[in-house]
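Hi everyone, thanks for coming. Today I'd like to walk you through one structure, a few spots at a time. Have a look at it first, and then we'll start.

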Amino acid sequence: MKNKYIKFLSAPYIIWALIFIIVPLLMVFYYGFTDKSGAFTISNITAIATHEHSKALWLALYLSLISTAICILLAYPLAMILSHIGENAGANKDKYMVFIFILPMWMNFLLRTIAWQTLLENDGVINSFLNLLHLPALRIINTPAAIVFGMVYNFLPFMVLPLVNALNKIDINVINAARDLGANSVQTFLRIILPLSLPGLISGITMVFIPSLTTFIVSDLLGGSKILLIGNVIEQEFTQYSNWNLGSGLSIVLMIFIIVSIVLSTIFDKDMEGTAI
Amino acid sequence: MKKLMIGILGLTCLFALAGCSRTYANGEVYVYNWGEYCDPETLEMFEEEYDIKVIYDEYETNEIMYPKVEAGAVKYDVVCPSDYMICKMIEHDLLQEINFDNIPNSTNIGDQYYKMSEEFDPGNKYSVPYCWGTVGILYNKTMIDPEDTVDSWSILWDEKYANSILMQDSVRDAFMVSLKLNGYSMNTLNDDELEVAKDSLIEQKPLVQAYVIDQVRDKMIGNEAALGVIYSGEAIYTQRENPDLEYVIPKEGTNVWIDSWVILKDAENVENAEKFINFMCRPDIALMNFEYITYSTPNDAARELIEDEEIRNSEIAFPDLSQYNDLETFIYLGDEGDEKYSELWKKVKSE
């Protein structure tokens, strides 16, 4: 028997979404398309073309693409080991591996980033240690490299987990069949494993790329406020220069990039199977 | 099992009750102050004495505080902005005139500080001074070339100290350094002068380790940098923690600032706000705050109470300003002026 009232169960979420997602979004659009006096304008959107803003946007795109690429390179082999495709498939310790991997996520994101600031400082923990061993000091704090490092460190789990899920869904017999039919391990990987894990990979890419693109806290803390990403520009329009209109306008521009990457991911991941963590 | 559940439920209720058992007969007061800008114990003492609950929030810069107060998301009663921001708030009609009759302790504040306040609050109608000081260079004696004397802003442009310089990450303070270096007023609206100042800041950027606000203190204590632009109030504290540090007011002049208590126009607890400000002006409380935050107090009665003679007559805490030239106080430059500075600052930051 089908309960026709079942759809009302989604009411709490719909109300939630309405208040905390739709209404704020409309407000962003309102501010983005008006000036301080409330008259319609598109100057807040076209402001992205100014040198400072476009530079911040390209730098953010560049750094987040690099971090996404690094995340893929780090996460894919790890996900293969953690999933049942790995050599030690079925061993119980894999569960603990995943557990250990997500353990740092129990601590606040902000605290972890501040901790890295202290660790990476010129006179910080890591350099004191290197100094003790008479090794050259690590000078990456307040550089783009430190920002990429922070992005990779913070968002890597979002790449690993969807990948593990996708890989776990691959029927081991498909791989065995490929081997049976004479495919070597490279061929098996390229023709079987990689295509079948694509949904997980794509959602992993979205989940790393979007937060990296929009972050302002990582670039602030690890970049010493010297490197301005588009996230910092928007944040400062709101908090420092009290120009909410410009901040909203630039947010709308940023949203376009986010929407493009979400559309791309839904095309590849029709069942949304990779997104479940 | 059921008993256990009931037991837990009972305990939770008990804790919940204990949590709200403290009721405040005289309502509450919403205070919005700079980060680490008063001894938390004084707030508890105030709650105890006046039976008023203090809801206390903190901000990092004037620029962060302003939009929040303007938007009115939280109905703050008392705020502690700096000089030029007070002027801006007066012009935007965000403040109400203070009834000094209800704040008898305001007479403890030295006359010269009221005179200084006239620059941004003509007639002393809106503000009661809380802290004051200068902005200068804090340097680490062990990390500076012994040949160099630190007495000028120009040392912040010395390539010898590349990656060892900390600059202030707030628009007006950063431009103050650059404008003073080039011999201009820090309140200038002259496009050419501002352009020169902007170019200087861009030129300096590769040498700067980081743009920071409150972190400058910890980084200097931790020997992370040789030179840092800092508020004088932090100097005493940092020296206490790291004796290698020294504070100077550069010869090109600097910013003399005052942070004062103001009451917002929309305040709902004006009477409590007055009581709060009055309490903060009481000599023993002002002394407690001075000893905790080490920012110079304009409270003469409190200064008399300082036991340590070295601190009471400290050149850093209570400098004789007449020996310095070109000291200025920030004034509000109008929305257009603000925008001009913001635009230039963004250019510096995005270089």
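Before anything else, please keep in mind that this is a predicted model.

Let's begin with the overall layout of chain B. Chain B is divided into two domains: domain 1 takes in 26–132 + 257–317, and domain 2 takes in 133–256 + 324–350. The C-alpha centres of these two domains of chain B are 26 Å apart.

Now for the inside. The largest nonpolar core has 112 residues. Within this core, the residues with the most contacts are B:Leu156, B:Leu227, B:Trp261 and B:Phe276. Which element gives the largest share of this core? That is strand β4 of chain B, residues 128–140, with eight residues. And where does the core lie? Domain 1 and domain 2 of chain B both contribute residues, so the core lies between them. There is also a second, separate core of 52 residues, and A:Ala79, A:Leu120, A:Ile227 and A:Leu229 are among its members.

Next, please find helix α11 of chain B. In α11(B), the residues B:Ile285, B:Ala286, B:Leu287, B:Asn289, B:Phe290 and B:Ile293 are buried. What do they pack against? The partners, in chain B, are α2 (40–50), β4, α9 (232–241), α10 (270–280), α12 (300–305) and α13.

Over all chains, the structure holds 34 aromatic pairs. I've picked two. A:Phe158, at 25%, is partly exposed.

The other pair is B:Phe290 with B:Phe318. Their ring centres are 5.8 Å apart with the planes at 35 degrees, so this pair is tilted as well. This pair links distant parts of the chain: B:Phe290 is in helix α11 of chain B, B:Phe318 is in the loop between α13 (309–312) and α14 (334–350) of chain B, and 28 residues separate them. B:Phe290 is buried, with a relative accessible area of 4%, and B:Phe318 is buried too, at 7%.

The charged end of B:Lys88 sits over the ring of B:Tyr66, 4.2 Å from the ring centre.

Back to that loop between α13 and α14 of chain B, where we also find B:Glu328. Why does B:Glu328 count as buried? Its relative accessible area is 19%, and the cut-off for buried is under 20%. Which backbone nitrogen lies 3.0 Å from a polar atom of its side chain? The one of B:Met186. If we leave aside neighbours within four places in sequence, the residues in contact with B:Glu328 include B:Lys180, B:Tyr184, B:Asn187 and B:Thr254.

At the N-terminal end, A:Asp171 is the cap: one of its side-chain oxygens lies 3.0 Å from the backbone nitrogen of A:Asn173. Following the helix is A:Gly182, with a positive phi near 100 degrees.

That brings me to my last topic, the phi angle. Most residues other than glycine have a negative phi. Now look at A:His134: it is not a glycine, yet its phi is positive, about 60 degrees. A:His134 lies in the loop between α6 (125–132) and α7 of chain A, and it is exposed, with a relative accessible area of 72%. B:Asp93 is another residue other than glycine with a positive phi, near 60 degrees. You'll find B:Asp93 in the loop between α4 (83–91) and α5 (111–117) of chain B. With a relative accessibility of 47%, B:Asp93 counts as partly exposed.

Notes. Residues numbered from 1 in each chain as written. Chains lettered and ligands numbered in written order. Predicted model: local features only at pLDDT ≥ 70, side-chain atom pairs only at ≥ 80, totals over all residues. Heavy atoms only, no water. Phe/Tyr/Trp six-rings, centres within 6.5 Å; stacked < 30°, edge-to-face > 60°. Buried < 20%, exposed > 50% of the residue type's maximum accessible area, 1.4 Å probe, protein only. Helix = DSSP H or I, 4+ residues; strand = E, 2+ residues; numbered from the N terminus. Lys NZ or Arg CZ within 6 Å of the ring centre and 35° of its normal. Core = buried A, V, L, I, M, F, W, Y, C linked by side-chain atoms within 4.5 Å. Domains from an automatic or database assignment. Polar contact = N/O pair within 3.5 Å; in protein donor to acceptor, adjacent residues only side chain to side chain. Contact = heavy atoms within 4.5 Å.
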